[in-house]
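Subject: Structure for your review

Dear colleague,

Please find below the structure that I am handing over to you.

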Amino acid sequence: MTSPLHKADIVIVGAGPAGLCLARNLAETGLSIVLVEKQSEAQLADPDYDGRETALTHSSRRILIELGMWDDLAPDEIFPIKDARVLNGSSDYSLHFDHREAGVDNLGFLVANANIRRVAYKAVAPFETITIRSGRTVVDAGTAADHGWVELDDGSRIEAGLLIAADSRFSPTREMLGLAIDKIDFDRVCIVSKMALERPHDATAYECFRNDETLAILPLHDDHVSAVLTVKTQNSRAMLDADPARFAAEISDQFGHRFGAMKLVSDRFSYPLFATFAKSFHKHRFAVVGDAAVGMNPGTAHGFNLGLLGTDILAQQIKQARASGLDFASRTVLAKYTDAHRRNCLPLYHGTNFLIQLYTNQSAPAKVARHMMLRAANKIVPVRKLIMSTLTDRRA
Ligand SMILES: Cc1cc2nc3c(=O)[nH]c(=O)nc-3n(C[C@H](O)[C@H](O)[C@H](O)COP(=O)(O)OP(=O)(O)OC[C@H]3O[C@@H](n4cnc5c(N)ncnc54)[C@H](O)[C@@H]3O)c2cc1C
């Protein structure tokens, strides 16, 4: 028996935030797009909360507005970050990013990953040119001279002029296509949870580096925060299984009791920490986007921001090729995407990995180096302004 064959212009594997945003960005080109996603349609329409609160830059907000997604977020689903502070160990000294110095009302915005996925799915669903094959897993993939193809777990096959992987940093499709990656295993686990505070957070985000652990406190509604704790893998089970009151006391203690008593008000979610960087973002008739291209360590909150920017770059290249009557999946188009996106990602990828390794290293030279770096960055105004400009979409 022959398997059912579906033909399209573009097939995207993965309807996470990156795959959905790319599909929406291309929706008005008239190209036929198939999105393949292993989650069910009900999960796509109303995703479960997974603990991830995404710090979005002004640039990401602008793209989400253009894609018609931002306005579908309720006001109480967007939490402004006014200021940010970076602390080294138990020292009270902090590197301070002040929204007034950046000349904006907020440095950025926190939105739950689940809510981004919900509004992205809602924005894509009405388009007749976009077919979503939900509840289906890609089990094989490849390319031929004039198309890419995927095989699904129901035996069906989809062929398209361009195959795109948006299926996470572990991207099975990228692996099936033999696209090599650089990978760092930090031997750490990120544990995220929601907590209620006794004292106000003043819409300030904190990143605290302690011993070989890090703790980020991200401001949400009504003096609730998202606590993002990074621990050595061998210690993670104990923190995940700890009695809620003991877990909350530990977080409060790690943070020097700055907010008084803290209370755990959600489940704890865990994410093993890997960083990945694809050696190229394309091959013949194939491209990778989102985490499948660059899987950032969440320590500096760049992952989705970069992924969204990458989908925008690829969509613009495809649109320009179409407008000029050229092949939208040609080597030239895909190479332009790779070049532009690598230029955006490489400094942030290496910078983030360097900082995370420096700030979780217990050697004496590393401790001295980070103490000096924090003070130097605070004193050198252009350094602070440059970091803030990447958050706020302004050039210092
Ligand atoms: C703790 C934590 C905090 C973070 N905080 C921030 C932050 O503050 N700011 C920020 O910008 N980023 C942040 N990130 C990163 C952000 O969550 C990711 O960059 C983003 O979710 C990646 O989106 P994606 O669509 O590329 O991949 P994913 O969200 O991983 O989606 C991939 C999709 O592909 C589907 N899939 C996989 N394999 C298959 C298959 N074989 N067949 C069919 N479907 C498949 C999956 O079901 C999934 O829906 C954080 C990440 C973590 C872990």
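How many residues surround the ligand, and which are the closest? In this predicted model, the ligand is surrounded by 32 residues, and the closest are Ala18, Glu37, Ala55, Asp291 and Phe304. By type, the shell around the ligand consists of 14 nonpolar, eleven polar and seven charged residues. Several elements contribute to this shell: α1, β2 (33-37), β3 (53-56), β12 (181-197) and α9 (303-323) each provide at least two of its residues.

The side chain of Arg52 has an N or O atom 3.1 Å from an oxygen atom of the ligand. For Asn113, a side-chain N or O atom is likewise 3.1 Å from an oxygen atom of the ligand. With Lys38 it is the backbone that takes part: one of its N or O atoms lies 3.2 Å from a nitrogen atom of the ligand. The ligand on its own would expose 1000 Å², and the protein buries 91% of that area.

Next, the protein as a whole. It has 396 residues, of which 55% are buried. Its secondary structure comprises twelve helices and 20 strands. Among contacts with a separation of 6 or more, 72% are between residues 24 or more positions apart. The accessible surface of the protein amounts to about 17200 Å², and carbon and sulfur atoms account for 52% of this.

Is helix α1, which spans residues 17-26, mostly covered or mostly uncovered? The helix is mostly covered, as ten of its ten residues are buried. The buried residues of α1 include Leu20, Leu22 and Leu26, together with Arg24 and Asn25.

In soluble globular proteins, nonpolar side chains tend to be buried together. Here the largest nonpolar core has 90 residues, and those with the most contacts inside it are Ile10, Ile12, Val150, Ile164, Val288, Leu314 and Ile318. Helix α9 gives the most to this core, with eight residues. Leaving out residues up to four places away in sequence, Leu314 touches Leu22, Ile164, Ala287, Val289, Leu334 and Tyr337. Another core, of 23 residues, lies apart from the largest one; Ile191, Met195, Val231 and Leu240 are among its members.

Two single residues complete these notes. Ala165 belongs to strand β11, which covers residues 157-165. Why does Ala165 count as buried? Ala165 counts as buried because its relative accessibility is 0%, whereas the cut-off for buried is under 20%. Setting aside neighbours within four places in sequence, Ala165 is in contact with Val13, Ser171, Thr173, Arg174, Phe286, Ala287, Val288, Val289 and Ala292. Ala165 and Val11 are 154 residues apart along the chain, and their C-alpha atoms are separated by 8.6 Å.

Arg258 is found in the loop between α8 (244-254) and β16 (262-264). Its relative accessible area is 25%, so Arg258 is partly exposed. Arg258 and Pro200 are 58 residues apart in sequence, and their C-alpha atoms are 9.8 Å apart in space.

Yours sincerely,

A colleague

Notes: Residues numbered from 1 in each chain as written. Predicted model: local features only at pLDDT ≥ 70, side-chain atom pairs only at ≥ 80, totals over all residues. Heavy atoms only, no water. Buried < 20%, exposed > 50% of the residue type's maximum accessible area, 1.4 Å probe, protein only. Helix = DSSP H or I, 4+ residues; strand = E, 2+ residues; numbered from the N terminus. Near = heavy atom within 4 Å. Polar contact = N/O pair within 3.5 Å; in protein donor to acceptor, adjacent residues only side chain to side chain. Areas by Shrake-Rupley, 256 points an atom, 1.4 Å probe, with all protein chains shown as cover. Nonpolar A, V, L, I, M, F, W, Y, C, P; charged D, E, K, R; others polar. Core = buried A, V, L, I, M, F, W, Y, C linked by side-chain atoms within 4.5 Å. Contact = heavy atoms within 4.5 Å.
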